[in-house]
Amino acid sequence: MSKRANTESTILKTILWIYIVLCFIIAGLNYGYVKTAPESTAKIISWIWHFYENWVKTVFIIVASILTIRIIKKSKRTFMRKRNLTGFIITALVVHIVSPLILNNNELYFFTMPLPWTTTPLQTLFENSSFYVSRFPLWGKTGIVAAFAFYVFYSVIMIIGSLLFGRRWQCSTLCMFNGFAAEVFAPAFPLIGKKKKIQPITVKIFTVLKWIIFILSLFFAVYWILLLVGVPVFENYNLMSKLENYKYLSAELLMMMFFWIALSGRGYCYYCPLGTLLGFIGRVSGQRIITNKTECVNCNQCNISCPMMIDIKSKALKGEPVTSLRCVGCGHCVDACTTETLSYTTTFLSKIRLKYKRRESE
Ligand code: SF4
Ligand code: SF4
């Protein structure tokens with residue numbers, strides 16, 4: 001790596017460290033100290049938290065995207081990466097800046113977490129839930145309806161987009177939880193130590209964890225849906241809400257950041273409950289990496305570049321498509337292929353490309 005690339009990489013790592021440390025400090029104050037703080041102090045802390053989560057995060061995403069492209073383009077093609085980063089910048093501007101300004105709600109990022117990730121947005125429909133009780137004085141009925149409408153809108157966009165464009169649509173374009181960080185800060189991982197190859201045993205552990213977290217998430221989703229339609233289930237919903245929050249904070253948020261520091265940017269994506277669901281939607285969409293046996297020179301660059309430890313080369317040597325449920329559609333393999341043989345597609349994308357080719361040849 002050149003001296004300039006080294007400096008850029010250090011700046012990238014520093015930005016990510018600042019992002020993590022600030023997140024711990026400000027979120028800790030906002031969700032812990034604010035409950036007991038004097039009203040004026042609580043207001044200031046909440047304002048700082050929302051400013052950090054919306055504006056600072058967006059600025060970090062833009063700056064880190066520019067740095068990442070500068071670092072990567074020195075050694076690889078950046079066709080797919082540029083698309084990913086452009087997608088995340090647009091999503092950040094929409095989710096964190098424009099929509100909060102239009103809907104006058106600084107917490108809309110909560111509402112970009114569709115089921116089975118978290119049931120928090122669903123809880124706004126339940127007037128006795130602690131989420132509803134805490135937000136009602138701030139947002140009023142209209143604000144709560146607007147936030148929920150935003151949630152439905154986001155979920156519909158995510159599902160229709162994934163049916164057309166595969167898991168790539170959410171995991172490498174829209175995801176403001178882990179997907180954005182994995183792409184925008186890609187050269188910075190892990191923050192401590194050298195780049196690590198995820199071992200097959202770790203993949204196996206992640207697979208077990210994936211099903212545990214998915215079943216748990218479905219359990220909470222079904223619980224809130226039953227409660228909302230009036231089916232008498234366990235009535236201590238505040239305890240259920242707390243349990244779900246603990247799952248989210250420990251197995252998801254904290255682990256995600258731990259992986260950034262010690263393992264890889266996509267660590268959490270191996271077992272994200274929404275990602276698991278999207279794997280199946282990706283299947284329905286016909287998502288695959290197209291390979292070409294005659295072009296493959298067995299260089300292994302695709303396998304080295306894949307953050308999800310998918311064996312692309314073996315498929316490429318046989319000319320078979322890669323259809324793994326784990327594929328997040330990042331396109332790193334496509335950019336890394338030395339013979340430019342690989343491409344990402346879905347049934348919809350293939351049809352569009354075919355139409356485009358026909359028009360060109362007419
Ligand atoms: S797997 Fe989950 S966390 Fe990862 S990019 Fe997809 S939705 Fe986001
Ligand atoms: S096979 Fe791996 S590198 Fe290629 S798009 Fe899927 S996750 Fe990304």
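1. The model is predicted: local features need pLDDT of at least 70 and side-chain atom pairs pLDDT 80 or more, whereas totals for chains, interfaces and linings use all residues. Residues are numbered from 1 along each chain as its sequence is written, with chains lettered from A and ligands numbered from 1 in the order in which they are written.

2. Helix H3 comprises residues 79-103; helices are DSSP runs (H or I, at least four residues), numbered from the N terminus. Asn104, with a positive phi near 55°, follows H3.

3. The buried residues of H3 include Met80, Phe88, Val95 and Pro100 (buried: 20 or more other C-beta atoms, placed from the backbone, within 10 Å of the residue's own). Their cover includes helices H2 (39-72) and H5 (130-165).

4. Domain 1 spans 3-280 and domain 2 spans 288-345, with bounds from an automatic or database domain assignment. In domain 1, 21 residues contact 14 residues of domain 2 (C-beta atoms, placed from the backbone, within 7 Å). On the side of domain 1 that touches domain 2, H3 gives the most, with four residues.

5. Ligand 2 is surrounded by 15 residues, the closest being Cys306, Cys327, Cys330, His332 and Cys333 (C-beta atom, placed from the backbone, within 6 Å).

Conventions: Helix = DSSP H or I, 4+ residues; strand = E, 2+ residues; numbered from the N terminus. Expected span 1.5 Å × (residues − 1). Buried ≥ 20, exposed ≤ 12 C-beta atoms within 10 Å, placed from the backbone. Contact = placed C-beta atoms within 7 Å.
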